[in-house]
Amino acid sequence: MNIVMTGASGQYGRAAIELLLQRMPAENLILMTRTPTKLEEYAQRGCRIRRGDFDDPASLVEAFKGADRLLLISGTRVGKRIAQHKAAIEAAEQAGVKHLVYTSFIAITKKNPSVAVQDHLVTEDMIRASRLEWTIMRDAHYADAMIVNAGPNFIASGVWASSSSPGRETLVWRDDCVECAVAVLCGEGHERQIYNITGSELLSLQEVCETLSDVTCRPIQWVDTDDEGMYAIFDAMGIPREPVDDQVVKGISWNSDDMVTFERAVREGYFSVISDDVERLLGRPPRSVRELVEANVEMLRAVPPMPQP
Ligand SMILES: NC(=O)c1ccc[n+]([C@@H]2O[C@H](COP(=O)([O-])OP(=O)(O)OC[C@H]3O[C@@H](n4cnc5c(N)ncnc54)[C@H](OP(=O)(O)O)[C@@H]3O)[C@@H](O)[C@H]2O)c1
């Protein structure tokens, strides 16, 4: 069986490649990227590297040829990626892919104000209407995004401002999401299944802030703000409101429309979803936010404080 993966050069993709290589021969793994040199190390390990771009539908058909299963890792243009996902689904049909596994998000409803969720809602509908077999992995908020990516900023500044209170959500390790997707890709009987890949505890981001501060022994002040307050913070950091491809500003690669509408959805309780699907797929419970902080404690404790003005 051949598996093709989009987003192979990203954080999710690289973690998935490593797990897949433990379970299948490298020549059965096809990795898609816009820039093949990024994946040279995997070419040397025997994987097939193909050029493909969500914005160039013909390239997707070529990239997917010969694959039985496709791991479609959702694109990064959050709020504007429906055309990209549509192109990928149509290309999979044309290329003869049989089964598509898609990385979606939890709490997919029309009322959910998160622009990221609205992308996934339309994409899921397109997948279900396609001729493909499918499995949808509805991943919760990656704990890594708050602890590993944003955590150093909170620690350096000593402040975590958020408009998410009083909502609670269930953060999950990205590696747990990857392990579940790989179990599905390499397993049988997952056709037409939707899995909710969540942690096992509902937490407010204020509680996450307290855990981060506790474990690292670094003071972080929690500051409640509103949507306008969040936009003001992101504007001051130079983060664009709308998606801009491949941009990373101060370690944050997302646009503020995404982040502000996401925090609103947390505040309004949309992401209070807990499932035991991780345990059902992996035979073990999901790892916790505290364990992720502990796993990264050396890096987090070493973050220098921001110079005071
Ligand atoms: N659940 C959550 O909380 C959460 C949080 C963050 C992200 N996510 C989702 O997870 C996905 C993967 O995240 P990540 O951290 O692995 O992202 P990442 O490290 O930023 O990698 C992004 C990947 O997207 C690919 N890509 C971007 N534009 C593309 C295009 N036009 N055509 C083809 N490929 C394109 C890049 O491929 P090349 O540059 O090699 O072409 C790269 O491999 C995200 O896109 C997002 O949907 C979920």
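What share of the contacts in the protein with a separation of 6 or more is accounted for by residues 24 or more positions apart? Such residues account for 78% of those contacts, two residues being in contact if their C-beta atoms, placed from the backbone, lie within 7 Å. This is a predicted model, in which local features need pLDDT of at least 70, side-chain atom pairs count only at pLDDT 80 or more, and totals for chains, interfaces and linings use all residues. Residues are numbered from 1 along each chain as its sequence is written.

**Overall architecture**

- The protein contains 14 helices and 9 strands; helices (H or I, at least four residues) and strands (E, at least two) are DSSP runs, numbered from the N terminus.
- The radius of gyration of the protein is 19 Å, close to the 19 Å that the globule rule gives for 309 residues, so the protein is as compact as a globular protein of that length.
- The radius of gyration is taken over C-alpha atoms, and the globule rule is 2.2 Å times the number of residues to the power 0.38.
- The C-alpha trace spans about 55 × 40 × 35 Å along the principal axes of the protein.
- Of the 309 residues, 44% are buried; a residue is buried if 20 or more other C-beta atoms lie within 10 Å of its own, exposed if 12 or fewer, and partly exposed in between, with C-beta atoms placed from the backbone.

**Surroundings of the ligand**

- The ligand is surrounded by 27 residues, of which the closest are Ser9, Gly10, Tyr12, Thr33 and Arg34; a residue is near a molecule or strand if its C-beta atom, placed from the backbone, lies within 6 Å of it.
- Helix H1 (11–21) and strand S5 (99–105) are the elements that give two or more residues to this shell.
- H1 gives the most to the shell, with 3 residues.

**Strands around S6**

- Strand S6 (residues 133–139) is mostly covered, with 6 of its 7 residues buried.
- S6 pairs with S5 in the parallel sense over 7 bridges, and two strands pair if DSSP finds at least two bridges between them.
- Thr103 has Met137 in S6 as its bridge partner, while Met137 has Tyr195 in S8 as a bridge partner.
- S6 also pairs in the parallel sense with strand S8 (residues 193–197), over 5 bridges.
- A right-handed β-α-β unit is made by S5, helix H5 (residues 115–129) and S6; a crossover is right-handed if, with the strands pointing away from the viewer, the path from the first strand over the helix to the second runs clockwise.

**Backbone features in loops**

- The peptide bond from Ser165 to Pro166 is cis, with omega near 5°.
- Pro166 is located in the loop between strand S7 (159–162) and helix H8 (174–186).
- Arg192, in the loop between H8 and S8, has a positive phi of about 55° although it is not a glycine.
- Arg192 counts as exposed because it has 9 C-beta neighbours inside 10 Å.
- Cys217, in the loop between helix H9 (205–216) and strand S9 (221–224), has a positive phi of about 60° although it is not a glycine.
- Cys217 counts as exposed because it has 9 C-beta neighbours inside 10 Å.

- Ala88 lies in helix H4 (residues 82–95) and counts as buried because it has 30 C-beta neighbours inside 10 Å.
- Leaving aside neighbours within four places in sequence, Ala88 is in contact with Thr6, Phe54, Leu60 and Leu72.
- Asp68 occupies the loop between helix H3 (57–64) and strand S4 (69–72) and counts as partly exposed because it has 13 C-beta neighbours inside 10 Å.
- Asp68 and Val97 are 29 residues apart along the chain, yet their C-alpha atoms are separated by 4.8 Å.
- Apart from neighbours within four places in sequence, Asp68 is in contact with Met1, Asn2, Val97, Lys98 and His99.
- Gln44, in helix H2 (residues 40–44), counts as exposed because it has 9 C-beta neighbours inside 10 Å.
- The C-alpha atoms of Gln44 and Ala143, 99 residues apart along the chain, are separated by 32 Å.
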